[in-house]
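Please look through the structure below with the following briefing at hand.

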Amino acid sequence: MGIIRNVKAFIISIAISMGTGLIASLLTLRNFGVYSEMIQPPLSPPAWLFPVVWTILYFLMGVSAYMIYMEKSEEKFAALGVYLIQLVFNFLWSLIYFNLGQVLFAFIWLVILWMLILVMVVSFYRINKTAGYLQIPYLIWVTFAGYLNLALYLLNR
């Protein structure tokens with residue numbers, strides 16, 4: 001079946017990444033207004049852009065994780081372990097930022113997430129270059145999110 005050799009594994013991989021984002025957004029939905037009420041730094045995107053970008057990124061995460069899972073590499077389970085750990089950090093960032101309102105701690109958490117993403121990109125790249133490349137938009141977006149997170153903290157303390 002073309003590029004998708006195992007439909008069940010592909011669906012599970014997409015469901016894990018997209019489900020993580022969906023559950024996080026559902027758990028934080030009532031608190032999204034906090035973001036729009038804050039003094040915004042330069043380059044702040046409109047609020048509607050966040051779910052669009054995150055949907056694309058979660059889909060790319062799922063695709064690349066599937067690609068790694070399908071590889072015959074001894075390193076794939078370590079790489080997928082890093083993937084799952086960063087997914088947990090990603091999920092918890094939303095709760096820390098939106099539900100707990102801990103903007104500075106959320107930034108520190110995001111720095112750790114960024115490092116985990118970098119480790120994941122490198123480990124994915126070593127196993128499957130395309131899978132590694134598919135994670136680069138995520139790394140870039142989280143870099144930008146770090147700028148927003150820190151700027152929002154500094155502008156609104």
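Leu 104, Phe 105, Ile 108, Val 111, Ile 112, Trp 114, Met 115, Leu 118 and Val 122 together make a nonpolar surface patch of about 690 Å². The model is a predicted one, and the values given here are computed from it.

- Met 115, one of the residues of this patch, is found in helix α5, which covers residues 103-127.
- Met 115 counts as partly exposed because its relative accessibility is 45%, and partly exposed is the class between under 20% for buried and over 50% for exposed.

**How helix α4 packs**

- Helix α4 (residues 76-99) and helix α7 (residues 136-156) have axes that come within 14 Å and cross at roughly 25°, which means that α4 is roughly parallel to α7, since angles under 35 degrees count as roughly parallel.
- The axes of α4 and α5 lie 9 Å apart, and these two helices pack at an angle of about 160°, so α4 and α5 are roughly antiparallel to each other, a term that applies to angles over 145 degrees.
- The crossing of α4 and α7 is left-handed, and the crossing of α4 and α5 is left-handed as well.

**A loop residue with a positive phi**

- Most residues other than glycine have a negative phi.
- Leu 43, although it is not a glycine, has a positive phi of about 75°.
- Leu 43 sits in the loop between α2 (33-37) and α3 (49-70), and Leu 43 is exposed because its relative accessible area is 67%, where exposed means over 50%.

Note on methods:
Residues are numbered from 1 along each chain as its sequence is written. This is a predicted model: local features need pLDDT of at least 70, side-chain atom pairs count only at pLDDT 80 or more; totals for chains, interfaces and linings use all residues. Side-chain values use heavy atoms; hydrogens and water are left out. Patches are made of residues with over 30% relative accessible area and no salt bridge: like charges are joined within 9 Å, nonpolar side chains (Val, Leu, Ile, Met, Phe, Trp, Tyr) within 5 Å. Accessible areas come from the Shrake-Rupley method with a 1.4 Å probe; for residues, only the protein chains shown count as cover. A salt bridge is a side-chain nitrogen of Lys or Arg within 4 Å of a carboxyl oxygen of Asp or Glu. Helices (H or I, at least four residues) and strands (E, at least two) are DSSP runs, numbered from the N terminus. Buried means under 20% relative accessible area, exposed over 50%, partly exposed in between (1.4 Å probe, protein chains only). Axes are lines fitted to C-alpha atoms, for helices over the stretch in contact, and angles run from 0 to 180 degrees between N-to-C directions. Angles under 35 degrees count as roughly parallel, over 145 as roughly antiparallel, 65 to 115 as roughly perpendicular and the rest as oblique. A crossing is left-handed if the near helix is turned anticlockwise from the far one by less than a right angle, and right-handed if clockwise.
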